[in-house]
Amino acid sequence: MKHALCLLAALVPCAPALADDDHDSDHDRARRAVAEGRILPLKAILAQAEAAYPGQLIEAELEDEGGSVVYEIKILTEGGQVMKLYYDAHTGELLSARRRTERR
């Protein structure tokens, strides 16, 4: 998978649960959370996603979902389907995998 562009994209919309200081950027808070072991690095999550759903990475985001920090990964599979994968950012557990349906 192509990681370069999405690494930053995943860290920018960081969850409020990671906030320690209002003056820190989302990127800094996400980095600190990884360094402190509160969340797994995006690289680890992307490796899991690629193993389960080979294809091309479309987007990766770090979000607050009901008090839990979650990685949302979008992949275009080798079969041409767009998959939305949700991983617990702390444990790396796959929470859900949804095939995106077409909208008209």
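## Lys84 and its partner

Lys84 is partly exposed, with a relative accessible area of 22%. In this predicted model, the Lys84 side chain meets that of Glu72 in a salt bridge, at 3.8 Å from N to O. Glu72 lies in strand β2 and Lys84 in strand β3 (residues 82–88), so the pair ties together parts that are 12 residues apart in sequence.

Is Glu72 buried or exposed? Glu72 counts as buried, at 8% relative accessibility. The cut-off for buried is under 20%. Lys84, at 22%, is therefore partly exposed.

## Surroundings of Glu72

Which residues does Glu72 touch, leaving aside neighbours within four places in sequence? The contacts are Glu59, Ala60, Glu61, Glu63, Lys84, Leu85 and Tyr86. One of them, Lys84, is the salt-bridge partner. Another, Glu59, has a salt bridge of its own, with Lys74.

## The other salt bridges

The structure holds three salt bridges. In the one between Glu59 and Lys74, the closest N and O atoms are 3.1 Å apart. Glu59 sits in strand β1 (residues 55–65) and Lys74 in strand β2 (residues 68–77), so this pair links parts that are 15 residues apart in sequence. Glu59 is partly exposed, with a relative accessible area of 25%. Lys74 counts as buried, at 14%.

Glu36 and Arg38 also meet through their side chains, with 2.9 Å from N to O. Glu36 is partly exposed, at 48% relative accessible area. Arg38 is partly exposed too, at 27%.

Strands β3 and β4 run antiparallel and are joined by five bridges. Leu85 stands opposite Ala97 in β4. Leu85 is also among the contacts of Glu72, a residue of strand β2.

Key:
Residues are numbered from 1 along each chain as its sequence is written. This is a predicted model: local features need pLDDT of at least 70, side-chain atom pairs count only at pLDDT 80 or more; totals for chains, interfaces and linings use all residues. Side-chain values use heavy atoms; hydrogens and water are left out. A salt bridge is a side-chain nitrogen of Lys or Arg within 4 Å of a carboxyl oxygen of Asp or Glu. Buried means under 20% relative accessible area, exposed over 50%, partly exposed in between (1.4 Å probe, protein chains only). Helices (H or I, at least four residues) and strands (E, at least two) are DSSP runs, numbered from the N terminus. Contact means heavy atoms within 4.5 Å. Two strands pair if DSSP finds at least two bridges between them.
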